[in-house]
Amino acid sequence: MSAPAGVRENVAVNTLHDPTARGFASDNYAGVHPEILAAIAAANGGHQVAYGEDVYTARLQEVMATHFGPRAQAFPMFNGTGANVVSLQSMLPRWGAVICAETAHIQSDENGAPERVGGLKLLTVATPDGKLTPELVDRQAWGWGDEHRAQPGVVSITQTTELGTAYTVAEVTALAAHAHELGLGVHMDGARIANAAASLDLPLRAFTTDAGVDLLSFGGTKNGLLFGEAIVVLAPEASTGLGYLRKMDMQLASKMRFVSAQLIALLEGDLWLRSAQHANAMAARLRAAVEPLDGVTLTQQTQSNAVFAILPAGVADRLRASFRFYDWNEATGEVRWMCAFDTTEADVDAFAAALRAELKA
């Protein structure tokens, strides 16, 4: 089939980066999974109705229902911060507040967007492993009727947490039940929800819909998408106005078919799980390689695709000359290493070898 009129065939794009380069800074550094690129190309051509009235977004509803139940409704979004902000806005009045861990992404890495854009208050709780418990929620679940205090209305948890730990089904169920008893909604930031499912060896529904979660921010970018996340409403009674809020907060994609097509490609088969299982396996391999090294202190369990460790002074900076990664706590020397769907065993082994050499330097 020839190209449309005015469109050149065989247009070359210069590659400006080294495609063999790997780092351990973030799973966002990884490229796009080839199956996702193919899905975008397959969705191209011809005209489809804009703003979500396309056949791909309609099909996405069916696919999401197979994972989260018949009441699930998906709202494709541009990014995770937008999904979190719009989700929480839809669950709260203007005077509402969100209880979350102090390490939660909505608190530590979204530049105040939930508060500045969402107009809501975050009530944070310190946790040793990034996970909330009913007892920890109670530290902020008070003050209803006090006009001087933002009113707690939602508990937001992250799966997997920013510390790489995964909530079990029992933990989510207990937390959701307690929150609901207090009249609080439950939101899950699922930027790495596929990694949690792979770690727990459970279907997505088991620790979301069936455990009592009301709204989910479903992550795709960290698991091989070019861009795009989705709000998945699991309990329709817990959310209002999403259709308006998505537009108001500049998260309504005009060419939504290309977001939906990626999510379909991720979820219709097992790509979401294959990619997450691989990333988790590479993190487990990395942990096994560095744990015996003198000078390395691992600080969290490795339950997903993240490894946290404390290194001696100067080692991290020298190692970053070859492999990029981030400090997690500069005061203690704690660093974070992330694996992705395209991390290879050779990448892990090379990194471990470089770390071993720097520790001896």
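**Reading helices and a sheet in a predicted model**

Q: What end-to-end span should the twelve residues of helix 3 have, and what do the end C-alpha atoms show?

A: The model is a predicted one. At 1.5 Å a residue, helix 3 (residues 80-91) should span 16 Å, and its end C-alpha atoms are 17 Å apart, which agrees.

Q: Which residue caps the N-terminal end of helix 3?

A: N79 does, with a side-chain oxygen 2.7 Å from the backbone nitrogen of G82.

Q: How many residues of helix 3 are buried?

A: An α-helix has 3.6 residues a turn, so residues three or four places apart point the same way. Buried here means under 20% relative accessible area. Ten of the twelve residues of helix 3 are buried, so the helix is largely enclosed by the rest of the structure. Among them are G82, V85, L88 and M91.

Q: What is the strand order in the open sheet of four strands?

A: The order is 8-9-11-10, and the pairing is antiparallel. Strand 8 (297-298) and strand 10 (326-329) are the edge strands, each pairing on one side only. Three antiparallel bridges join strand 10 to strand 11 (residues 334-338). The bridge partner of N329 is E334 in strand 11.

Q: Which strands does helix 11 lie across?

A: Helix 11 (residues 271-290) lies across strand 8, strand 9 (306-310) and strand 11, at about 25 degrees to strand 9.

Q: Where do helix 8 and helix 11 make contact?

A: The axes of helix 8 (residues 193-200) and helix 11 come within 8 Å and cross at roughly 75 degrees. That makes the two helices roughly perpendicular. The contact includes A194 and A198 of helix 8, and W272 and A276 of helix 11.

Methods. Residues numbered from 1 in each chain as written. Predicted model: local features only at pLDDT ≥ 70, side-chain atom pairs only at ≥ 80, totals over all residues. Heavy atoms only, no water. Pairing = 2+ DSSP bridges. Contact = heavy atoms within 4.5 Å. Axes fitted to C-alpha atoms, helices over the stretch in contact; angles between N-to-C directions. Expected span 1.5 Å × (residues − 1). Buried < 20%, exposed > 50% of the residue type's maximum accessible area, 1.4 Å probe, protein only. Polar contact = N/O pair within 3.5 Å; in protein donor to acceptor, adjacent residues only side chain to side chain. Parallel < 35°, antiparallel > 145°, perpendicular 65-115°, else oblique.
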